[in-house]
Amino acid sequence: MNPIGLYAVGLLGPGLEDFESARPVLAGKAPLTSRDVQIPPPGLLPANERRRTTATIRLALKVAEEATEGADRSQLRSVFASSSGDMDIIDRICDALTHPEPVVSPVQFHNSVHNAPAGNWSIATRNPAPATALSGYTASLATGLLEAATLQLTEGGGVLLACYDVPSMETFAHVRPIHHPFAVALRLGPAEGAPWRLQLAFGGDVPADRCRVDELEALRDSNPAARALPLLEQLARGTPGHVTLQAPLGRSLSIQIEP
């Protein structure tokens with residue numbers, strides 16, 4: 001695959017409030033101070049829409065806003081990737097269906113679809129460009145990155161990738177143990193003139209890279225979206241490098257990074 005450009009990163013997770021402030025932690029120069037994740041309200045959404053957002057939508061839009069700061073958001077195509085979608089809404093709907101007279105809230109049903117964050121992003125940015133919502137289970141990050149890179153290479157221009165997952169509710173925790181909210185966004189575009197260039201290759205059954213810092217590795221293992229951490233570590237170091245991510249169907253995604 002030809003190289004693509006990486007122009008900006010959005011980030012939110014335990015002890016990682018945004019990519020810029022997290023750089024020393026990701027580069028191994030400062031310790032990770034784990035704390036509860038505070039997800040801010042989406043600044044771009046109208047007030048009425050903002051009140052109806054869920055934690056999943058707010059998480060996705062926070063990193064999308066960060067990664068597109070200063071860019072023309074109205075023209076970006078987008079890919080939104082999540083392993084499990086809105087676990088809280090799914091839990092509430094499943095619980096409602098167990099009652100003798102099941103009643104599902106229209107707002108909850110509206111937000112239960114996998115593309116709810118993508119739809120809210122389109123509303124927030126008044127963007128008519130195509131938006132894709134997908135899931136690749138624990139390989140959702142690589143699945144989304146392959147989709148976004150293919151869009152950029154075949155159609156040109158800028159592409160936003162947002163990957164996110166919220167913690168599992170108690171009902172699902174034993175089968176889907178996701179413990180912390182985590183989200184990352186990458187703004188991709190032409191390789192020429194980009195701060196980073198990524199060369200992607202879809203390969204065989206090669207183990208995914210682990211984080212160099214133990215605390216970050218524990219976080220990487222706790223949320224499918226946090227599989228991005230080895231890539232973010234390399235970006236924060238600012239040196240050429242190579243990262244391998246878990247890809248679908250037992251494959252791997254190799255990423256060569258050139259600053």
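Me: Is Pro46 buried, exposed or partly exposed, and what is its relative accessible area?

Reply: The general idea is a pair of cut-offs, with buried meaning under 20% relative accessible area, exposed meaning over 50%, and partly exposed what lies in between (1.4 Å probe, protein chains only). Pro46 has a relative accessible area of 41%, so this residue is partly exposed. Pro46 is found in the loop between helix 1 (19-26) and helix 2 (47-51), where helices (H or I, at least four residues) and strands (E, at least two) are DSSP runs, numbered from the N terminus.

Me: What should I keep in mind about the model and the numbering before reading further?

Reply: This is a predicted model, in which local features need pLDDT of at least 70 and side-chain atom pairs count only at pLDDT 80 or more, while totals for chains, interfaces and linings use all residues. Residues are numbered from 1 along each chain as its sequence is written, and side-chain values use heavy atoms, with hydrogens and water left out.

Me: How many helices and strands does the protein have, and what is its radius of gyration?

Reply: The radius of gyration is taken over C-alpha atoms, and the globule rule is 2.2 Å times the number of residues to the power 0.38. For 259 residues a compact globule would come near 18 Å, and the protein agrees with this because its own value is 18 Å. The secondary structure comprises 9 helices and 8 strands, the C-alpha trace spans about 60 × 40 × 35 Å along its principal axes, and buried residues make up 51% of the 259 residues.

Me: What share of the contacts joins residues 24 or more positions apart?

Reply: A contact means heavy atoms within 4.5 Å. Among contacts with a separation of 6 or more, residues 24 or more positions apart account for 71%.

Me: Where does Asp86 lie, and is Asp86 buried or exposed?

Reply: Asp86 lies in the loop between strand 2 (77-81) and helix 4 (87-97), and its relative accessible area of 6% is why Asp86 counts as buried. The C-alpha atoms of Asp86 and Ala55 are separated by 8.1 Å, although the two residues are 31 apart along the chain. Pro46 and Leu97, by contrast, are 51 residues apart in sequence and 31 Å apart in space, C-alpha to C-alpha.

Me: What span is expected for helix 3, and what does the helix reach?

Reply: The expected span of a helix is 1.5 Å times one less than its number of residues. Helix 3 (residues 55-67) has 13 residues and reaches 19 Å from its first C-alpha to its last, close to the expected 18 Å. Helix 3 is also mostly covered, with 11 of its 13 residues buried, among them Thr56, Lys62, Glu65 and Glu66.

Me: How many residues does helix 7 have, and which of them are buried?

Reply: Helix 7 (140-155) has 16 residues and reaches 22 Å, close to the 22 Å expected, and its buried residues include Ser140, Leu141, Thr143 and Gln152. Just after helix 7, Gly156 takes a positive phi of about 75 degrees.

Me: Which residues other than glycine have a positive phi?

Reply: Arg126 is one of them, with a positive phi of about 50 degrees, and Tyr137 is another, at about 55 degrees. Arg126 lies in the loop between helix 6 (116-125) and strand 3 (131-134), and counts as exposed because its relative accessibility is 75%. Tyr137 lies in the loop between strand 3 and helix 7.
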